Amino acid sequence: MTRPHDFGFDETAQILKDTARRLLQDHCSPEQLHRLVAASSEPARASECVWDEALWRKMLDLGWTAVAVPEALGGFGMGLVAIAGLVEEVGRAAAPSPLIATLCATYVAAACDSDAARQLLRRIAAGLSVSLAITDRRGSWEAGDCDVTASDAGVLNGTAWFVQDARKVGVLLVKARSSRGVGLYAVDVDAAGVTIVPDAIVDLTRDQAHVELRDVAVPAERVIVSPGDGARALAAAEPAILTILAADMVGAAEWQLQTTAEYARTRVQFERPIGFFQAVKHPLVDMMVKIDAARSLLYDAACAFDHEPGAAEVGARMAKSAASDAASYCSGRSVQLHGGIGFTWECFVHLWFKRQKHNEVLFGDAAHQRARLADRLLGRIGETA
Amino acid sequence: MTESAHSESPEQAAYRAHCKAWLAGNLPPRPSFRLPLGPLEIATEEQLEYLCAWQKAAYSAGLVGCDYPGEYGGGGLRDCQRIANHELKAAGAPFFPNIVGLGMAAPTIVHHGTEAQKRRLLPPLLAAEEIWCQGFSEPGAGSDLANVQTFAERDGEGWRVRGHKVWTTLAHFATWMILLCRTDRGRKYEGMTYFVAPVRAGVGKGLTIRPLVKMTGELGFNEVLFDDYPIGDDLRLDEVGRGWQVAMTTLLHERGAGSLVTPSSGGGVGDDNAATLGASGLVELAKRCHRAGKPASDDPRLRDAIVEMLIRERAFAQNERRAAVRALTDHPLRLPLQHKLTLSELLQDTARLACEIEGAAATLHQTDAHAPAAGRWPHAYMNSYGFTIAAGSNEVQRNILGERVLGLAKSK
């Protein structure tokens with residue numbers, strides 16, 4: 001297969017991205033977002049789940065859960081390049097919603113060849129929100145690392161950790177170990193035996209929880225992947241998940257750049273806008289350079305996923321690494337270059353700072369991605385000579 | 001990995017096929033002598049002759065200046081030079097020696113020259129029959145280019161030039177120079193005028209070339225001294241006092257942000273080529289070098305650093321790709337104006353990391369028989385500073401990006 005030189009970013013992708021930009025400008029402006037999620041600075045706020053459900057219904061009306069679902073299953077069947085454009089806008093607005101969790105789960109389900117997976121994808125296209133429950137207590141999402149067990153009869157016990165937006169979704173896609181290997185199970189959040197325990201987190205624009213499962217019986221038609229096939233499905237979806245997270249970070253970093261540049265154009269000290277001073281100007285340019293590198297790698301990764309699956313993992317890890325580094329740098333500079341006001345609760349930059357810090361580490365930070373890339377590109381340690 | 005001709009017009013597709021076919025049978029044989037790493041390092045007449053013959057052959061086949069109008073020696077095509085560049089690079093072709101001519105003088109002449117100037121100057125430039133050099137920088141006008149003091153004074157129908165230009169690459173081989181002069185000492189930006197000046201023909205007649213020795217010990221740069229050097233008014237480009245605007249056209253193209261794509265081969269010269277000196281070269285180097293008795297490629301910190309360079313190298317290539325996709329670029333100059341900044345820092349950091357990987361062997365000069373990779377990396381590391389400083393130092397590049405793309409207040 002060949003890769004289109006324009007990444008395959010077509011008119012449909014452009015319309016999706018433009019629509020997202022407008023919707024979020026109208027309904028999730030920085031002022032609206034701050035009023036919504038930062039009304040209180042009380043420490044107890046850390047375990048709250050605050051989001052605009054009316055905005056989510058608008059997203060559903062626009063079919064945003066359907067974009068990545070194949071057309072045969074009632075979705076729009078759009079490429080990851082188009083999804084990346086959409087998620088960039090979500091990141092730019094730092095919008096709280098179960099969209100990113102649902103998109104990640106969509107790619108996992110799409111990598112599973114089963115009637116249960118196809119049924120789940122149809123429901124996602126119709127508006128169901130889903131989150132992955134595949135991470136263990138130590139924060140590992142590697143296939144074999146799992147604190148949930150499945151009996152041969154499909155009864156789940158244990159705890160899934162670091163579940164994103166758990167209190168916004170209807171279904172959890174739970175990874176569980178059994179004697180036959182790792183499987184994936186669709187579990188309703190209100191099913192008997194399921195307890196969602198909120199984590200207190202720093203990021204105000206999402207919620208996170210660990211999910212306790214006690215004797216949760218999953219019927220056969222909800223087994224998305226039979227025990228033994230889960231690892232393959234998760235590995236196939238991982239490039240898409242990394243790319244989606246990179247898109248959120250690139251979009252958020254662009255907001256950080258534009259907002260900080262605007263401040264440097266207007267804030268006057270020593271009789272000049274502070275952007276005059278190279279100690280301010282040059283870091284702003286470095287933010288831009290890092291964002292652009294990450295953004296180009298983002299679309300390269302998405303295009304590879306769509307057109308050249310063999311190159312998808314390397315592309316996605318490069319994008320996640322560059323985006324995590326850009327997110328880290330832009331977050332730090334966005335606060336520092338705003339000066340004293342940037343350090344306050346009332347200034348908007350902390351919302352993006354916190355979202356970026358959360359994104360940076362999800363599914364592996366920059367150094368993790370580079371270590372995995374090194375294994376592929378240089379060979380494993382001890383086997384390289 | 002291949003990239004499809006997705007959005008190419010029939011003209012472009014046919015042109016790509018022509019480039020591929022011609023390159024398949026017409027790359028020059030490797031010379032018996034060592035070729036320089038890039039146009040800035042051309043040191044001998046035989047190197048120059050070999051490379052000029054190659055540019056002329058590629059020009060005759062339509063691969064150089066194909067987007068220039070036919071009446072000025074070009075191919076009369078539209079948006080095809082980037083295709084030729086891609087195919088030249090893919091074929092591992094040698095670089096074109098007339099780098100100042102192709103990248104700076106030609107687009108400036110197209111935008112600001114008279115009909116007669118275009119017809120006279122462009123065809124031999126594209127064919128590498130006449131080599132060009134750049135007379136912009138002076139001892140007191142480097143990053144602050146608008147401070148040029150070389151003065152052109154009216155002398156009857158023509159001009160007489162007095163002053164001192166520095167860092168003049170290729171001057172010792174050049175037929176022509178693009179020359180930025182002051183013509184009014186009372187005004188800074190409006191007090192400059194742009195000329196094209198004969199170089200070779202003027203030696204000993206008021207023009208003196210003195211070679212500068214670089215930190216590597218190599219030649220390549222020159223000083224050019226003007227002592228009442230006469231220039232005809234027919235060699236003035238654009239109006240008197242418009243020199244700064246003309247120079248901006250030159251610099252925009254030099255920085256890869258101009259409207260005309262510079263003919264470029266990507267600069268492959270056999271085993272000295274850019275790929276060897278790119279980040280991918282680090283992987284093989286790390287497997288051959290040792291650190292604490294183990295392959296350097298087993299060192300976790302070096303592994304991280306190498307992969308980071310591979311990521312930056314890929315990001316640079318993907319920036320180039322994205323720059324052509326209008327829907328995925330915000331400000332039209334945002335990516336083009338980063339080109340020189342990111343590429344020069346990528347090459348510098350890659351070379352520095354290579355020296356670190358080599359360990360003790362990085363002490364060896366390229367003349368030492370035991371130097372790994374023929375001593376290219378420490379040499380490339382030193383030369384990399386030419387790139388981060390030249391063509392507007394990267395500090396100035398950051399000012400330009402901050403001001404033109406982010407709208408920040410001008411530092412000056």
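This is a predicted model: local features need pLDDT of at least 70, side-chain atom pairs count only at pLDDT 80 or more; totals for chains, interfaces and linings use all residues.
Author: Helices (H or I, at least four residues) and strands (E, at least two) are DSSP runs numbered from the N terminus. Residues are numbered from 1 along each chain as its sequence is written, chains are lettered from A and ligands numbered from 1 in the order in which they are written, and side-chain values use heavy atoms, leaving out hydrogens and water.

Reader: Over residues 245-378 of chain A, what percentage of the chain is helix?

Author: According to the unreviewed UniProt entry, residues 245-378 of chain A carry the annotation "domain: Acyl-CoA dehydrogenase/oxidase C-terminal". Between end C-alpha atoms 25 Å apart, the chain there is 3% strand, and its helix content is 78%.

Reader: And over residues 11-127 of chain A, how far apart are the end C-alpha atoms?

Author: UniProt, again in an unreviewed entry, places "domain: Acyl-CoA dehydrogenase/oxidase N-terminal" at these residues, 11-127 of chain A. The chain over this range is 61% helix and 0% strand, and the distance between its end C-alpha atoms is 24 Å.

Reader: What is the radius of gyration of chain B?

Author: Chain B has eleven helices and ten strands. The globule rule (2.2 Å times the number of residues to the power 0.38, with the radius taken over C-alpha atoms) gives 22 Å for 412 residues, and chain B comes close to that value, so it is as compact as a globular protein of that length, with a radius of gyration of 22 Å.

Reader: Does A:Thr159 count as buried or exposed?

Author: A:Thr159 lies in strand β3, residues 155-164 of chain A. Setting aside residues up to four places away in sequence, A:Thr159 touches A:Asp147, A:Val148, A:His210, A:Val211 and A:Glu212, where contact means heavy atoms within 4.5 Å. Relative accessible area (1.4 Å probe, protein chains only) is called buried under 20%, exposed over 50% and partly exposed in between. A:Thr159 has 17% relative accessibility and therefore counts as buried.

Reader: What percentage of the 412 residues in chain B is buried?

Author: The C-alpha atoms of chain B fill a box of roughly 75 × 50 × 50 Å along the principal axes. Among contacts in chain B between residues at least 6 apart in sequence, 71% join residues at least 24 apart. Of the 412 residues in chain B, the buried share is 55%.

Definitions and conventions
UniProt positions are given in the numbering used here, feature names are shortened, and annotations may be inferred rather than shown by experiment.
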